[in-house]
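Please read the points below with the model open beside you. They go from one local detail to the packing of the whole chain.

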Amino acid sequence: GGQFKREVTVDGQSHLLLIREEAGTPDAQFASWADAVIFVFSLESESSFEEVTQLHALLSDLRGTSDVALALVGTQGEPGTQGDPVVLGAGWDTPNSPPDSPDKISSSSPRVVEDARARALCGDMRRCLYYETCATYGLNVDR
């Protein structure tokens, strides 16, 4: 995983956003550190979508998610290697764009996770925003 910093302005106040990428199972330290979590999955990978569900359940077991802002992001193009989901945690000090990847939804690599299923999972997660992104077309890349 990687670590990134980005300054953002929210309601006129500047904040330093600390972003940590986790390619795998979040641990107790990650769960206690994160103020927000972005779950990223591939729209053409059923296994990455299913794993996001499991990662959310694990995070809930480690910390509970009632005080954690959540976002679910479906990408057109695999977010990690071989369709593995990516978990991004953010902590405030006082919108990270998803990883760039080519648009891979085509007749040879069809979309398998429909919008309604992703939105239903987001509803189950509670306090969760859902976005779809496409780096090729710039769809929701800066949100």
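1. Just after helix 3, R126 has a positive phi of about 60°. Helices (H or I, at least four residues) and strands (E, at least two) are DSSP runs, numbered from the N terminus. This is a predicted model, in which local features need pLDDT of at least 70 and side-chain atom pairs count only at pLDDT 80 or more, while totals for chains, interfaces and linings use all residues. Residues are numbered from 1 along each chain as its sequence is written, and side-chain values use heavy atoms, with hydrogens and water left out.

2. Which residues of helix 3 are buried? In this helix (residues 115-125) they are A118, L121, C122 and M125. Buried means under 20% relative accessible area, exposed over 50%, and partly exposed in between (1.4 Å probe, protein chains only). The four lie on the same side of helix 3 because they cover an arc of only 100° around the axis, the arc being that of the directions from the helix axis to the C-beta atoms. A116 and D124, on the other side, are exposed.

3. The buried residues of helix 3 pack against strand 3, helix 2 (46-62), strand 4 (69-75) and strand 6 (128-133). Contact here means heavy atoms within 4.5 Å.

4. Helix 2 and helix 3 pack at an angle of about 5°, and their axes are 11 Å apart. Axes are lines fitted to C-alpha atoms, for helices over the stretch in contact, and angles run from 0 to 180 degrees between N-to-C directions. The two helices are therefore roughly parallel to each other (angles under 35 degrees). Helix 2 contributes E46, F49, V52, T53 and H56 to the contact, and helix 3 contributes R117, A118, L121 and M125.

5. Of the 21 residues in the largest nonpolar core, V37, F39, F41, L70, L72 and M125 touch the most other members. Such a core is a set of buried Ala, Val, Leu, Ile, Met, Phe, Trp, Tyr and Cys residues joined through side-chain atoms within 4.5 Å. Leaving aside neighbours within four places in sequence, L72 is in contact with residues including F39, V52, L121 and Y131.

6. V40 belongs to strand 3 (residues 36-42) and counts as buried because its relative accessibility is 1%. Its C-alpha atom is separated by 7.6 Å from that of V52, 12 residues apart along the chain.

7. Overall, the chain has three helices and six strands, in the order β-β-α-β-α-β-β-α-β along the sequence. Of its 143 residues, 43% count as buried.

Terms used:
Parallel < 35°, antiparallel > 145°, perpendicular 65-115°, else oblique.
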